[in-house]
Amino acid sequence: MTEKTIELQVYRYQPENGETDTGFQSFEVPYHEHWVVLDALNWVKDEVDGTLSFRWSCRMGVCGSCGMMVDGDAKLTCNAFLKDYYPGPIRVEPLSYFPVERDLIIDFNGFMSRLKSIKPWIIRDEEKPLEEGEYLQSPAQLAFFKQYTMCINCMLCYSACPVVGTEENFLGPAAIALAQRYNLDSRDQGGEQREDLLGDDEGGWGCTFVGECSRVCPKDVDPAGAIQRAKVSSMLNWYKRLIMPRGER
Amino acid sequence: MSALFLPVMILLTGFLLPFIGGAGSHASYERVHGLVSFWLVKLVLFAVIAFSLFHCAHRIRHILMDVGLREAAGVLSVICYGAALVGAGIAASFLIGL
Amino acid sequence: MNLRYKTPLRPSWFMDKPGFRLFMLREATSLFMAGYLIFLLVWLRRLGQGPEAYATFLESLRHPVPILLHLVALAASLYHSITWFNLTPKIMPMYLGEDRLPDKLAAVAMGFGPWIVLSGIILWGVLR
């Protein structure tokens, strides 16, 4: 009995060969009920073309390495089951709106610098000395921001966001959600320091609440919600500063 | 504002009032005019119209920016919010003149 | 290292994906609502111009084209209201003490509930 197969159309780009754009290459891979697109890609690399390059690690949806566009939708390839795409063909491309280094590998330096720019650490006006012990936080206080700690930096949200696609300098969903993770943390006092970036047109206000970022997020971080809440606090902050320019924090 | 009030108002002006609003009925001219002339109703109507106009202006401006007119953000502000302001002014004058 | 640079989105980007199309549909409702608001201004004017003007105006509304336009406006405003109230809990989550209310419940409490009640009151007030 002939084995079932499914066609993968994979984007290729190998700059060392002096090519500018190779386009799509077709592979007929074995079809198994329990396989994901990552399995298919690894099969191609093992059996057909060892030069195919792509990132992956945990293969179980927690590391955020294997993000790619599958049939035009941003997905973790370890989370994209072949049976959902059968009979195919399945189009596999590098994550949208990022420069491509090679095949399915993207350059995410822009993403990393955005994450760093919003100061993703606890900021205190004054550090507590060690002798005074740890910062106490109730379960409810943790629950207040916990959702936004779940981000695995997979960048799917950036590939889903049309503003990322049209605006060079938009901060983007993950960065703003991360900023909110700290702003809503009871131990943090750095809201004002992040406000310059968040309250800017290239920060929270660039977002038009399309909502695609939250739809593709594999960890239900809901960056769209985080950004809208950031807009609300930014607005309230603005009024507060209007009324009390030199007032309390 | 617009989400809360507009649907029911469309129902009224588009469907209910024209068809059951003849003289002597529930929604005769006297009744409708009397109702709308009440100062509180005038105020609420003005608020609904003004806020809805600004909300629509804001969204339309963003739509235009999204489809490529991003550079014209400043000009669009003047056109869209300006139009909303004019509309609100007209609403006020009509309401006062009732 | 040669990088193939990302191609910027075309102005018709919103047609590319179902999620984007729904977004643009939601935003485009504001166009129809703006159109209705202009109509409402005319309605107000006619009301202020006396019974004859108002009656003639009402008569002109009892025709297919105005009814169709109202239907379109109604569909747009309904889609707007429904999407708006569903999104509100994401923008301003409701907290009961320390617990965040589930979004569906908050949407009813902050949006759908008041909407139905208010619409009912208005209809009753005008038509009783």
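This is a predicted model: local features need pLDDT of at least 70, side-chain atom pairs count only at pLDDT 80 or more; totals for chains, interfaces and linings use all residues.

Biologist: Okay, chain C. At what angle do the axes of H1 and H3 of chain C cross?

Modeller: Roughly 130°, and the axes of helix H1 (residues 18–48) and helix H3 (residues 64–91) of chain C come within 8 Å. H1(C) and H3(C) are therefore oblique to each other. For the wording, angles under 35 degrees count as roughly parallel, over 145 as roughly antiparallel, 65 to 115 as roughly perpendicular and the rest as oblique.

Biologist: Which residues make that contact between H1(C) and H3(C)?

Modeller: From H1(C), they include C:Phe32, C:Met33 and C:Tyr36. On the H3(C) side, C:Ala73, C:Ala76 and C:His80 are among them. Two residues are in contact if their C-beta atoms, placed from the backbone, lie within 7 Å. The residues of this contact of H1(C) with H3(C) divide into seven nonpolar, five polar and one charged. Ala, Val, Leu, Ile, Met, Phe, Trp, Tyr, Cys and Pro count as nonpolar, Asp, Glu, Lys and Arg as charged, and the others, Gly among them, as polar.

Biologist: Now chain B. How do H2(B) and H3(B) pack?

Modeller: Their axes are 5 Å apart, at an angle of about 75°. That makes H2(B) roughly perpendicular to H3(B). In the contact, B:Leu35, B:Val36 and B:Ser37 of H2(B) meet B:Val41, B:Lys42 and B:Leu45 of H3(B).

Biologist: And how many residues does the contact take from chain B and from chain C?

Modeller: 42 from chain B and 42 from chain C. On the side of chain B that touches chain C, H1(B) gives the most, with 16 residues. By class, that side of chain B has 29 nonpolar, eleven polar and two charged residues.

Biologist: Switching to chain A. How is chain A divided?

Modeller: Into domain 1 (5–106) and domain 2 (109–243), with bounds that come from an automatic or database domain assignment. The centres of these two domains of chain A, taken over C-alpha atoms, are 31 Å apart. Contact between them involves 14 residues of domain 1 and twelve residues of domain 2. On the side of domain 1 of chain A that touches domain 2, S4(A) gives the most, with four residues.

Biologist: What about A:Arg114, buried or exposed?

Modeller: A:Arg114 counts as buried because it has 22 C-beta neighbours inside 10 Å. A residue is buried if 20 or more other C-beta atoms lie within 10 Å of its own, exposed if 12 or fewer, and partly exposed in between, with C-beta atoms placed from the backbone. A:Arg114 is found in helix H2 (residues 109–117) of chain A.

Biologist: What does A:Arg114 touch?

Modeller: Not counting residues up to four places away in sequence, A:Arg114 touches A:Leu171, A:Gly172 and A:Ala175. A:Ala175 is 61 residues from A:Arg114 in sequence, but 6.1 Å away in space, C-alpha to C-alpha.

Terms used: Residues are numbered from 1 along each chain as its sequence is written. Chains are lettered from A and ligands numbered from 1 in the order in which they are written. Helices (H or I, at least four residues) and strands (E, at least two) are DSSP runs, numbered from the N terminus. Axes are lines fitted to C-alpha atoms, for helices over the stretch in contact, and angles run from 0 to 180 degrees between N-to-C directions.
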